[in-house]
Amino acid sequence: MTIDLRMAAAIIGAAETEELGVIPDKSALQLHADAAIRAIADAGIAKSEIDGVFTAGSPAQIAEYLQIEPTFVDGTAVGGCSFMLHVAHAAMALATGRCNVALITHGQSGRSRVGEGGRFGGAATLMGQFESPYGTWGPPSVFTIPFVQHMHRYGTTEAQLAAVAVAQRQWAERNPRAMMRDPITIDDVLKSRLICWPFHILECCLVTDGGGALIMTRSDRAKHAPKRPVYVMGMGESVEMSMISQMHDFASSGAFVRSSRDAFAMAGISHGEVDHVMIYDAFAHLPIFGMEDMGFLKRGEAGPWFADMRSAPGGDLPVNTNGGGLSYTHTGMYGMFAIQESVRQLRGEAAAQVDDVRVSVAHGVGGMFFAAGTLILTNDESA
Amino acid sequence: MPAHRPLPSGAVPRRPLPEPTPETQAYWDACQQHRLTLQRCLDCEGKPAYSYPRPFCPACLSRNVESFDASGRATLHTYIIAHRGAPGFEDKTPYVIAIVELEEGPRMMTNVVEVDPAPEHLPVGLQLEVTWEDHEQAERDGTTRRVSLPMFRPAAS
């Protein structure tokens, strides 16, 4: 027996923490709570209605802190796309009656490191044995490694990589909540501090504090919500590896391909029906990989496509309209913020609102190309 | 995740060195003898090589596998040039963190050394050969730990 999950559940509450950026006076756990309290208000529900708790790590901690007594929990933690998976898993739990109202939370003190645990494993882990001895020091020195293979295979250039950052800054200029709002040029990007060639500081994500939360329920119940429901039309998820050296094809993410393929298959739409795209951009090459791996563009087309400013304001397919991890915010697990922007665009309440958004794709990466989650969302209840 | 042990005050951050597990001990022991080893499956067609070491074939899950010495020849597959250093690498910048493709097929992370770390000297496909970097590290229990890391340099043509 299978259950049709297409359009079965909807996001009825969505909020970020009131502040974003540098928040030294709040712990990571408090950022979860701040976002949850705001999302509960946004959904117009009582806390007592929540019976499903989803977070990347410890749902028990969230349940304790907010005094919720859930009967369904999911602590799936596969990195920054965990929240895409939580939305998908919540849709399953809601559709099968395992819970009625789901709360999904994220909070991270990525910058101020208040109440944050450790991050990387020890010397006996796979990464500790086979990668750390070579002087890797976190995502900027590891996540970036595949891109030279993409340049080699498709002729993608340093200027095209820089164009991704420029296009997203144009969206951030229109968003008062974005951390980085000054206009930049490709030349500015290429002259900014070199971190790990070919990546400059302006091609690396911000490091910030913040949080976000979502409330979901079954689509039949969503009609009564105060805000316009955002329906889950398609979902997909996958993992590929736990070390960059084990990536199968350095010019393409297998997790991206599988996750997005399944999401589009469930939604039953063509790429041409998508009005708005969010692609988790920890670094500037991720939108390039994302647009190709999800099938919006053919292999090798994404570099020139971004360089032509096709994703920027006035272009033909808006991508990362909040400014993205490069210019808006990046707490460490940014996927929650990509979903929040998709919801805002579908509700018509985004800072840089795109006209007539009916279908939005929110695509997340976890770890360093280790995992992926794709959501296809719509505000059209008859979709 | 294991908690990080705090360094004694004033200590220089140590370069991270691998700590073998039972499954990888033989690989690191061979490295100490400057032998780069791979494993291959004796049940899969063509006996394909794989890396990193596992006591079973990751493709078919057969335990009928053996270790063998790699040729040490490889090509440069993809890389970055780090302009900021990890702890223990502060004085090495810029340095190359690369994925190399071994002649036998598997890929691994390594550093490309004995080369000017600039893109014009590091074309994808560059022929490389293994070289070794020997490390000694004093452990807290008073013993000395010896580890040799496989590195790659442009091949002598």
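Guide: Buried means under 20% relative accessible area, exposed over 50%, partly exposed in between (1.4 Å probe, protein chains only). This is a predicted model: local features need pLDDT of at least 70, side-chain atom pairs count only at pLDDT 80 or more, and totals for chains, interfaces and linings use all residues. Residues are numbered from 1 along each chain as its sequence is written, chains are lettered from A and ligands numbered from 1 in the order written, and side-chain values use heavy atoms, without hydrogens and water.

Visitor: What percentage of chain A is buried?
Guide: Buried residues are 64% of its 383 residues.

Visitor: How many helices and strands in chain A?
Guide: Chain A has 14 helices and 11 strands. Those are DSSP runs numbered from the N terminus: helices are H or I, at least four residues, and strands are E, at least two.

Visitor: Now the core. How many residues are in the largest nonpolar one?
Guide: The largest nonpolar core has 170 residues. Such a core is a set of buried Ala, Val, Leu, Ile, Met, Phe, Trp, Tyr and Cys residues joined through side-chain atoms within 4.5 Å. Those with the most contacts inside it include A:I215, A:M216 and A:F369.

Visitor: Which helix gives the largest share?
Guide: Helix α3 of chain A, residues 82-95, with nine residues.

Visitor: And what does A:I215 touch?
Guide: Leaving aside neighbours within four places in sequence, its contacts (heavy atoms within 4.5 Å) include A:I11, A:I40, A:V101 and A:L103.

Visitor: Which residues does the second core include?
Guide: That separate core has five residues, among them B:C41, B:C44, B:Y50 and B:C57.
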